[in-house]
Amino acid sequence: MVTLVAMWVTACAQFLIARRLGGDRLRARLRPYLGRMGDLLARRGVLAVAAGRLVPGPFSELSMAAGPTPLTLKAVAVGTALGCAPKAIAWSVFGASLAAP
């Protein structure tokens with residue numbers, strides 16, 4: 001549980017930092033380039049974030065890249081919780097197996 005909470009807090013904090021640093025000007029400049037992807041993120045944000053969290057790869061970069069997109073904090077928070085749960089369980093089981101005699 002601690003692992004999942006740590007992943008969740010980290011992802012939300014990185015998203016908010018990227019959103020704050022990117023600001024409205026960056027979002028306005030990226031809007032034409034996002035096109036249909038921006039629409040998809042706005043409609044299916046939770047699913048997009050959860051799928052991104054399930055894929056092995058960079059965790060922080062996904063959070064930071066999400067900052068200037070139309071994603072909401074709620075979508076990032078819920079998607080991260082859903083997508084990171086399997087990883088958190090796996091890491092917890094692995095860690096517990098190392099501590100067992």
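A: A polar contact is a pair of N or O atoms within 3.5 Å; within protein, one atom must be able to donate a hydrogen and the other to accept it, and residues adjacent in sequence count only if both atoms are side-chain atoms. A polar contact of 3.3 Å joins the side chains of threonine 80 and arginine 53.

The model is predicted: local features require pLDDT of at least 70, side-chain atom pairs count only at pLDDT 80 or more, and totals for chains, interfaces and linings use all residues. Residues are numbered from 1 along each chain as its sequence is written, and side-chain values use heavy atoms, with hydrogens and water left out.

Threonine 80 is found in helix H4; helices (H or I, at least four residues) and strands (E, at least two) are DSSP runs, numbered from the N terminus. Its relative accessible area is 0%, so threonine 80 is buried. Buried means under 20% relative accessible area, exposed means over 50%, and partly exposed lies in between (1.4 Å probe, protein chains only). Apart from residues up to four places away in sequence, threonine 80 touches Met7, Trp8, Ala11, Val49, Arg53 and Ala85, where contact means heavy atoms within 4.5 Å.

Tryptophan 8 is partly exposed, because its relative accessible area is 36%. Leaving aside neighbours within four places in sequence, its contacts are Ala77, Thr80 and Ala81. The C-alpha atoms of tryptophan 8 and alanine 77 are separated by 6.7 Å, although the two residues stand 69 positions apart along the chain.

The nonpolar cores come next. A nonpolar core is a set of buried Ala, Val, Leu, Ile, Met, Phe, Trp, Tyr and Cys residues joined through side-chain atoms within 4.5 Å. The largest has 7 residues: Phe15, Leu41, Val49, Ala66, Leu71, Ala75 and Val76. Helix H1 (2-43) and helix H4 (73-99) each supply at least two residues of this core. Apart from it lies another core of 5 residues, including Met7, Ala11, Phe59 and Cys84. Within the largest core, valine 76 touches Phe15, Val49 and Leu71, not counting residues up to four places away in sequence.

Helix H3 (residues 59-66) has Phe59, Ser63 and Ala66 as its buried residues. These cover an arc of only 65 degrees around the axis and therefore lie on the same side of H3; the arc is that of the directions from the helix axis to the C-beta atoms. Their cover includes H1, helix H2 (45-54) and H4.

Cysteine 84 is buried, with a relative accessible area of 0%, and cysteine 12 also counts as buried, at 7% relative accessibility.

As for the whole fold, the protein has 4 helices and 0 strands. The C-alpha trace spans about 55 × 25 × 20 Å along its principal axes, and buried residues make up 30% of the 101 residues. Of the contacts with a separation of 6 or more, 92% are accounted for by residues 24 or more positions apart.
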